[in-house]
Each structure stands twice: as C-alpha cells, then as structure tokens.
Amino acid sequence: QVHLLESGGGLVQPGGSLRLSCEASGRTWTSETVGWFRQAPGQEREFVASVSWPGGTRYADSVKGRFTVSRENTKRTVYLQMNNLKPDDTAIYYCTLTKWTGSVTQGLGPWGQGTQVTVSL
C-alpha cells in the first residue's frame, strides 16, 4: 500500500504563496495520478488539482492560473505551488491517488492528516 504525507502548510497573508509537498512511501506509485483536495470548515472536501505520471494536469476552476501541480517521480514527491492566495483558499489540504471519471476527479485514498493552510491578515 502507498502512504502519502503532506507538508508545507502554514499561515500566509492574502496575495502570498506557499508550496505544499506530498511524499509517498510504500509500494510504487509512479504510474498513478496523484491529486490535491481541500476541505474548509463546515464544507465538503473538494478537488483542487491533479498530475498524472506523464505530467498531465487538471485544476479546479477556482485555482486555475494561481496554483501549479507538479511531481518528481525520482523523489516520490508531488508539489502544489500556490500563488496569490485568497482567504477562500483556507482549508486542510490532502493529497491522494485520484481517478478521472470522464467528468470529475475522484479521490481514491489513502487519506492522510493533511496540512493546514490559513490565508488571513
């Protein structure tokens, strides 16, 4: 089984940047698509971005042009570069294996503890 560990969250002012990391351990995962989801207090978990093994990416409309997802397979790590952060980006961010159904991106798990991102003055 693959295990995913998120890191890099923190407190940042509006307009600031953060880079999240998702490090994998366990079985080989390099051929699978990995994505980021987030969950704000009182809201459902939502898709943010994903990156496939060849490097194809998908983004939620709310983060297009501000967030960039990438991966380094040799380091077994996926990144989420977040620029021009807004208060609405405040949430716990999770990385997980994902699947494109043809209309939506599903999170397949495993789900870790996530990393908190807070955007506030």
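Colleague: Which residue in E5 is the bridge partner of Trp-36?

Modeller: This is a predicted model, where local features need pLDDT of at least 70, side-chain atom pairs need 80 or more, and totals for chains, interfaces and linings use all residues. Residues are numbered from 1 along each chain as its sequence is written, and side-chain values use heavy atoms, without hydrogens or water. Strands (E) are DSSP runs of at least two residues and helices (H or I) of at least four, numbered from the N terminus. Across from Trp-36, the bridge partner in E5 is Ala-49.

Colleague: How many bridges join E4 to E5?

Modeller: Two strands pair if DSSP finds at least two bridges between them. E4 and E5 run antiparallel, and the number of bridges joining them is 5.

Colleague: Which residue in the turn of the E4 and E5 hairpin has a positive phi?

Modeller: The hairpin leaves 6 residues between its strands. Ala-40 is found in that loop, between E4 (34-39) and E5 (46-51). The positive phi, about 75 degrees, belongs to Gly-42.

Colleague: Is Ala-40 buried or exposed?

Modeller: Buried means under 20% relative accessible area, exposed over 50%, and partly exposed in between, using a 1.4 Å probe and protein chains only. Ala-40 has a relative accessible area of 17%, so the class is buried.

Colleague: Which residues does Ala-40 touch, not counting those up to four places away in sequence?

Modeller: Contact means heavy atoms within 4.5 Å. With the sequence neighbours left out, the residues touched by Ala-40 are Thr-90 and Ala-91.

Colleague: Why is E5 largely enclosed by the rest of the structure?

Modeller: Count the buried residues of the strand. E5 is largely enclosed because, of its 6 residues, the number buried is 5.

Colleague: In E6, what is the bridge partner of Val-51?

Modeller: E5 also pairs with E6 (residues 57-59), in the antiparallel sense over 3 bridges. Their hairpin has 5 residues between the strands, and Gly-55 takes a positive phi near 110 degrees. The partner of Val-51 in E6 is Thr-57.

Colleague: Where does Arg-76 lie?

Modeller: Most residues other than glycine have a negative phi. Arg-76 is not a glycine, yet its phi is positive, about 55 degrees. Arg-76 counts as partly exposed at 23% relative accessibility. Its place is the loop between strand E7 (67-72) and strand E8 (77-82).

Colleague: What is the phi of Asn-84?

Modeller: Asn-84 sits in the loop between E8 and strand E9 (91-100). It counts as partly exposed, at 43% relative accessibility. Its phi is positive, in a residue other than glycine, and near 50 degrees.

Colleague: What is omega for the cis peptide bond that joins Gly-109 and Pro-110?

Modeller: Pro-110 lies in the loop between strand E10 (105-109) and strand E11 (115-119). For the cis bond from Gly-109 to Pro-110, omega is about 0 degrees.

Colleague: What is the torsion about the S-S bond of Cys-22 and Cys-95?

Modeller: A disulfide is a pair of cysteine sulfur atoms within 2.5 Å. Cys-22 and Cys-95 form one, with their sulfur atoms 2.0 Å apart. Cys-22 lies in strand E3 (residues 18-26) and Cys-95 in E9, so the pair ties together parts 73 residues apart in sequence. The disulfide is right-handed because the torsion is about 70 degrees.

Colleague: How many aromatic pairs does the structure hold?

Modeller: Rings of Phe, Tyr and Trp (its six-membered ring) pair if their centres lie within 6.5 Å; planes under 30 degrees apart count as stacked, over 60 as edge-to-face and the rest as tilted. The number of aromatic pairs in the structure is 3.

Colleague: Why is the pair of Phe-37 and Phe-47 edge-to-face?

Modeller: The ring centres of Phe-37 and Phe-47 are 5.6 Å apart. The pair is edge-to-face because the planes stand at 70 degrees.

Colleague: Which residues form one aromatic cluster?

Modeller: Phe-37 counts as buried, at 6% relative accessibility. Phe-37 and Trp-111 form an edge-to-face pair, 5.4 Å centre to centre with 85 degrees between the planes. The cluster is formed by Phe-37, Phe-47, Tyr-94 and Trp-111.

Colleague: How far is Arg-45 from the ring centre of Trp-111?

Modeller: A charge sits over a ring if NZ of Lys or CZ of Arg is within 6 Å of the ring centre and within 35 degrees of the ring normal. Arg-45 lies over the face of Tyr-94, at 5.2 Å from the ring centre. Arg-45 also lies over the face of Trp-111, and there the distance is 3.6 Å.
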